[in-house]
Amino acid sequence: MFVISFVCFFSSYRKALTEIDRLLKKQSNFTACKALKCLVLLKLDRPDEARSLANELEALAASSTRTAPPGDASNVDENTLTFLAQYYKDLREYHKVVSLYESAIKREPTSEELLCSLFMAYVRVKDYKNQVLIAQKLYKQTRKIPYHNWAVISVLLQIDENSQQLKQTLYIPMTLKMLEKEFFDENLQQTKLFGEIECLLYLYTLELKEDFLKALQFVTKHVDALTKSPSNESMLPVYFAHEKFLIYNYKNSNFEKTYELAKEYLKEDNYLWNWYEVLFDTFFRFDETKQQELVEDLHQFILSKYEKKNKETV
C-alpha cells in the first residue's frame, strides 16, 4: 500500500491507477485501496467515477458496526478514512469529512486517533460546540493537557460568533472556570503544574474580561517560574514578563509604577521602541503638576539614550 501511495503522490497518477486496479482484481473488497482510487480518479479528472466509488465507500463507512472481523481488508479502517477524507477535502466538502468520522466514532468510541480526526474535522467547519465536547472527551479519557487546551480554545473561539453579553456572562466565565479548576484555585494558588500555553490562555482570558488587576497579581506571583529555571530554559522570555507588567500596571492606572518600569526596562534594552511609547503615554496621563515634576527627568533620560546610541555608532 505504501508503494501505491508513493507512486500516486510522487510520480504518475495513471501508473498508480494501474497498480490499484491490479490489486483490486486480487482483493475486490480492499476498502483502503478503493478510497485511494477515488483520489487518483479525481486527480485524473474523472470525477463521476470517483464520486460513484466514494458513494459506495461512504455507505459502508456509515455503518455503526464492523462488517467484518478486525484487520479484514473489507473494513473501513484508518487508511480508508484517511484517503476518503482527503478526497472530500480536495472537493472542499468538509461536512462529508465530519460525517465520516462521526460514523467511525460510533464503531470505535474510545479511539484517540479517530477522536482527534473528528475534532479537526469540526475545526474545518467551525463547529465550536462539538469541538468542546470532543476535546473534553479526549481529556477525560487520556488526561493529556493539550486536549484540555483544545477545549478551552474552542470555547474562546465562540466569542466572535456571539454577542458581547454572552462573551461576559458565558464564555469568559466558562473558560476561567475550566482553567482554574485544572491549574489554579480562586486565590491563584497553583494546583497543578502549568505550561506556557496554559499561562497564555489564562492571561488572555483575563484580558478579555478586562480583569487586569488579577492578571497583574498572577504575573507578579509567578514571574520567576515563568521566566527563570535551573536549565536557563525559561517558559516565557523576560521580554514577555516585562511587557505584561507594563500593560497591566498601565491598565490599572498605576502610572507612576508604569513610568518607572518603562525607564528600567529601556535601560536594559535601548531598542524596544514600543516601550518608549509606553513611557511617553504614561507621562501624558499625569496631571500638569506631576508633569512639571518629571519633565526634566524625562528629558535627561531620553538624552542619555540618545548619547548612548551615538557612542555605539561611532
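**Reading the features**

Mentor: Begin with a single side chain: Trp150 has a relative accessibility of 22%, so it counts as partly exposed. Keep in mind that the model is predicted.

Trainee: Why does Trp150 count as partly exposed?

Mentor: Buried means under 20% relative accessible area and exposed means over 50%, with partly exposed in between. Trp150, at 22%, is in the partly exposed class. Phe119 has 5% relative accessibility and therefore counts as buried.

Trainee: Next, the rings. How many aromatic pairs are there?

Mentor: The count comes to 10 aromatic pairs. One of them is formed by Phe119 and Trp150, which are stacked, with 4.5 Å from centre to centre and 20° between the planes. This pair links distant parts of the chain, since Phe119 belongs to helix H7 (residues 112–124) and Trp150 to helix H9 (residues 145–157), 31 residues apart.

Trainee: Why is the pair of Tyr202 and Phe218 edge-to-face?

Mentor: Look at the angle between the planes: over 60 degrees counts as edge-to-face. The planes of Tyr202 and Phe218 stand at 65° and the ring centres are 5.2 Å apart, so this pair is edge-to-face. Here too distant parts of the chain are linked: Tyr202 sits in helix H11 (residues 196–209) and Phe218 in helix H12 (residues 212–227), 16 residues apart.

Trainee: Are Tyr202 and Phe218 buried or exposed?

Mentor: Tyr202 is buried, at 0% relative accessibility. Phe218 is also buried, with a relative accessible area of 0%.

Trainee: Which residues do ring pairs link into a cluster?

Mentor: Phe119, Tyr147 and Trp150 form such a cluster.

Trainee: Let us turn to charges. What is the general idea behind a salt bridge, and how many are there here?

Mentor: Side chains of opposite charge can pair when their charged atoms come close. In this model the count comes to 14 salt bridges. One of them joins the side chains of Asp21 and Lys37, at 2.9 Å from N to O. Distant parts of the chain are linked by this pair: Asp21 is in helix H2 (residues 13–26) and Lys37 in helix H3 (residues 31–43), 16 residues apart.

Trainee: How do I class Asp21 and Lys37 by accessibility?

Mentor: Asp21 is partly exposed, at 27% relative accessibility. Lys37 is buried, with a relative accessible area of 19%.

Trainee: Which residue does Lys34 meet in a salt bridge?

Mentor: The partner of Lys34 is Glu56, and the N to O distance is 2.9 Å. Lys34 is in helix H3 and Glu56 in helix H4 (residues 47–61), so the pair ties together parts that are 22 residues apart in sequence. Lys34 is buried, with a relative accessible area of 15%, whereas Glu56 is partly exposed, with 43%.

Trainee: How far apart are the closest N and O atoms of Arg51 and Glu93?

Mentor: They are 2.5 Å apart, and the two residues form a salt bridge. Arg51 is in helix H4 and Glu93 is in the loop between helix H5 (78–90) and helix H6 (94–107); the pair links distant parts of the chain, 42 residues apart. Arg51 is partly exposed, with a relative accessible area of 25%, and Glu93 is buried, with 16%. Salt bridges can also share partners, as they do in one network that joins Glu256, Lys290 and Glu293.

Trainee: Where on the surface do charges gather?

Mentor: A surface patch of negative charge is made up of Glu260, Glu264, Glu268 and Asp269. Asp269 is in the loop between helix H14 (255–268) and helix H15 (273–283). With 31% relative accessibility, Asp269 counts as partly exposed.

Trainee: Last, the backbone. What should I look for in phi?

Mentor: Most residues other than glycine have a negative phi. Arg92 is not a glycine, yet its phi is positive, about 60°. Arg92 is in the loop between H5 and H6, and at 59% relative accessibility it counts as exposed.

Trainee: What is the phi of Arg143, and where does Arg143 lie?

Mentor: Arg143 also has a positive phi of about 60°, although it is not a glycine. Arg143 lies in the loop between helix H8 (128–142) and H9, and it is partly exposed, with a relative accessible area of 46%.

Definitions and conventions:
Residues are numbered from 1 along each chain as its sequence is written. This is a predicted model: local features need pLDDT of at least 70, side-chain atom pairs count only at pLDDT 80 or more; totals for chains, interfaces and linings use all residues. Side-chain values use heavy atoms; hydrogens and water are left out. Patches are made of residues with over 30% relative accessible area and no salt bridge: like charges are joined within 9 Å, nonpolar side chains (Val, Leu, Ile, Met, Phe, Trp, Tyr) within 5 Å. Accessible areas come from the Shrake-Rupley method with a 1.4 Å probe; for residues, only the protein chains shown count as cover. A salt bridge is a side-chain nitrogen of Lys or Arg within 4 Å of a carboxyl oxygen of Asp or Glu. Lys and Arg count as positive and Asp and Glu as negative; His and the chain ends are not counted. The place of a charge is taken as NZ of Lys, CZ of Arg, CG of Asp or CD of Glu. Helices (H or I, at least four residues) and strands (E, at least two) are DSSP runs, numbered from the N terminus. Buried means under 20% relative accessible area, exposed over 50%, partly exposed in between (1.4 Å probe, protein chains only). Rings of Phe, Tyr and Trp (its six-membered ring) pair if their centres lie within 6.5 Å; planes under 30 degrees apart count as stacked, over 60 as edge-to-face and the rest as tilted.
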